[in-house]
Number of protein chains: 2
Amino acid sequence: MAGGQREPGRTVTSKVLAILGAFDAAHPQLTLTDLARRSGLPLSTAHRLAAELERWQALSRAPDGRLRVGLRLWELGQLAPGSLRELAHPWLQELFVSTGENVHLAVRDGLEVLYVDKVYGRRAVPIVSRVGGRLPMHPTGVGKALLAHEEDWFVRAYLARELERPTPRTIIEPGRLARELASVRAQGYALTCEEMTLGSCSAAAPILVDGRPAAALGIVLSSRRVRELSRLVEPLLAAAAGVAAACANPQ
Amino acid sequence: MAGGQREPGRTVTSKVLAILGAFDAAHPQLTLTDLARRSGLPLSTAHRLAAELERWQALSRAPDGRLRVGLRLWELGQLAPGSLRELAHPWLQELFVSTGENVHLAVRDGLEVLYVDKVYGRRAVPIVSRVGGRLPMHPTGVGKALLAHEEDWFVRAYLARELERPTPRTIIEPGRLARELASVRAQGYALTCEEMTLGSCSAAAPILVDGRPAAALGIVLSSRRVRELSRLVEPLLAAAAGVAAACANPQ
DNA sequence: GAGGCGGCTTCCACTGGGTGGAAGAATGAC
DNA sequence: GTCATTCTTCCACCCAGTGGAAGCCGCCTC
């Protein structure tokens, strides 16, 4: 009656991970049926595994009964390597206080930037990044700051692909982008204007530890205020240097 | 040769979760042997499962080869219900800017407070809380603010247990603690002085949504500066009210 | 209120992924 | 060199996992 039609070669662990992987920024909560479809598991299997995950609070239920990531996983996530974030936070804070603008910290992961911290005030601003979110490198300030200090082979590999173009102002021509990166490296910071989102522009500086780009610090504002960007470069560079120094010294 | 001595009645999922659960604030990185011992699994089983988790980046390796929670789990954790944190963050920010002190946000989970956000500057201060960390309720400002607005049966149950006493100044006598909670409820905020950590004192206000304590906002300073606490109560209450209003309005 | 529909829960006989002791490899301390 | 500790690999047995099917529940439509 049952059990015969199993998919061979698939571990239970991979199914558990498929369930967890079904959640992402665009799908933070799912019905059981969606969860089964997105994870590629039969409904009854998804049901059984999700129930056990829910019992452990790895998953929890939204008020409407849909499943979402549970508090326990959030807690666990806080144990992930975060020393950079902790060291950098006071500097983000200081930069925010002295400029009043949105400030964020990102690292490279694969071919994308991953935002690891963000400081923002009540002055509402269009959201361009989300802590835990990912964006491609070439249209973002932090991405360009990081890419400009990566090794040649990496940059070549990055440029060799077809690049996304989220707005008409995104630079995707390999030659032009390479020249842009050269100037970012020369001047020590990157500027963008509506390359990721229409309506916002940014400045970003890499945090270099032993010559390697460990992270990047970025500041974002409405593109109506582009002219103010240049005024923000100096405090931005100072904060980036502060974080770099904090990283170099163990204490 | 093998396989016969399995422990029956234990699911694979429970073993995967036991591996994840082996990590906590006191043990953020573990050798494989430690991991096996803490999760109660045979070494070879821990090895096999940990390897699969590592492949998915649910776990990663510290430079010294020990295992720790991976970036992917951190990312997942960011998808956990966090609207409260996001709504509240600008207010934490504002409170930090106007006072320059350490500010944090906590919710109740079970019989403990769970710290969900924290804003701090460069002025180094003794760490009393950690985002993702837990502390008992009765010795902390945020804990008392939350407990004071819980229902009677809950408070009675809380007080009925033997209470931890992290410092000699911690209040653990049920009668005295109950009176303390009554006054916290009456005045709308809680104060502590060296009840959790010698050397620090705090003020905290509950964030009441529909009369239920949804979270608490706390501010911590060195106990040499206790006298300044009273000056901070007003901005603290204003920020708490701001968060409460933001929670009440969907937008 | 009958009928249909979509999503959730339970059931159960078959079977291959999980198992863990043991042996072997790698590393480090003395 | 020896000894101790930790990590990795191996493999034959067998039970936890499996998933199709049937049943259930709430909701909408006619």
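Mentor: Start with the two chains. Chain B superposes on chain A by a rotation of 180° with 0.0 Å of shift along its axis, at an RMSD of 0.1 Å. The superposition is by least squares on the C-alpha atoms of residues with pLDDT of at least 70 in both copies.

Trainee: What makes that the relation of a two-fold axis?

Mentor: The rotation is 180° and the shift along the axis is 0.0 Å, so the relation is that of a two-fold axis. In chain B, the C-alpha nearest the axis belongs to B:Gly77, 2.7 Å from it. The same surface serves both copies, since 97% of the contact residues of chain B recur in chain A.

Trainee: Which conventions apply here?

Mentor: This is a predicted model, in which local features need pLDDT of at least 70 and side-chain atom pairs count only at pLDDT 80 or more, while totals for chains, interfaces and linings use all residues. Residues are numbered from 1 along each chain as its sequence is written, and chains are lettered from A and ligands numbered from 1 in the order in which they are written.

Trainee: How many residues of chain B are in contact with chain A, and what counts as contact?

Mentor: Two residues are in contact if their C-beta atoms, placed from the backbone, lie within 7 Å. By that criterion, 39 residues of chain B are in contact with 38 residues of chain A. On the chain B side, at least two residues each come from α1 (12-21), α3 (43-55), β3 (67-69), α4 (71-77) and α5 (83-99). Helices (H or I, at least four residues) and strands (E, at least two) are DSSP runs, numbered from the N terminus.

Trainee: What is the make-up of that side by class?

Mentor: The side of chain B that touches chain A has 23 nonpolar, 10 polar and six charged residues. Here Ala, Val, Leu, Ile, Met, Phe, Trp, Tyr, Cys and Pro count as nonpolar, Asp, Glu, Lys and Arg as charged, and the others, Gly among them, as polar.

Trainee: Into which domains is chain A divided?

Mentor: Domain 1 covers 3-77 and domain 2 covers 83-248, with bounds from an automatic or database domain assignment. Their C-alpha centres lie 34 Å apart. Chain A has nine helices and nine strands.

Trainee: What makes the six strands of chain A an open sheet, and which are the edge strands?

Mentor: The order is β6-β5-β4-β9-β8-β7 in chain A, with antiparallel pairing. Two strands pair if DSSP finds at least two bridges between them. β6 (134-136) and β7 (190-193) of chain A each pair on one side only, and these are the edge strands. From one strand to the next the twist averages 30°.

Trainee: How do you know that β8 and β9 of chain A pair?

Mentor: 10 bridges join β8 (residues 200-209) to β9 (residues 212-222) of chain A, against a requirement of at least two. The two strands therefore count as paired, and they run antiparallel. Within β9(A), A:Ala216 is the bridge partner of A:Pro206.

Trainee: Why is strand β5 of chain B called mostly covered?

Mentor: A residue is buried if 20 or more other C-beta atoms lie within 10 Å of its own, exposed if 12 or fewer, and partly exposed in between, with C-beta atoms placed from the backbone. In β5 (residues 112-119) of chain B, seven of the eight residues are buried. β5(B) is joined to β4 (residues 102-109) of chain B by seven bridges, the strands running antiparallel. One of the pairs is B:His104 with B:Lys118. The two strands form a hairpin with two residues between them, and B:Gly110 in the turn has a positive phi of about 65°. β5(B) also pairs with β6 (residues 134-136) of chain B in the antiparallel sense, over three bridges, and B:Leu114 stands opposite B:Arg134 there.

Conventions:
Axes fitted to C-alpha atoms, helices over the stretch in contact; angles between N-to-C directions.
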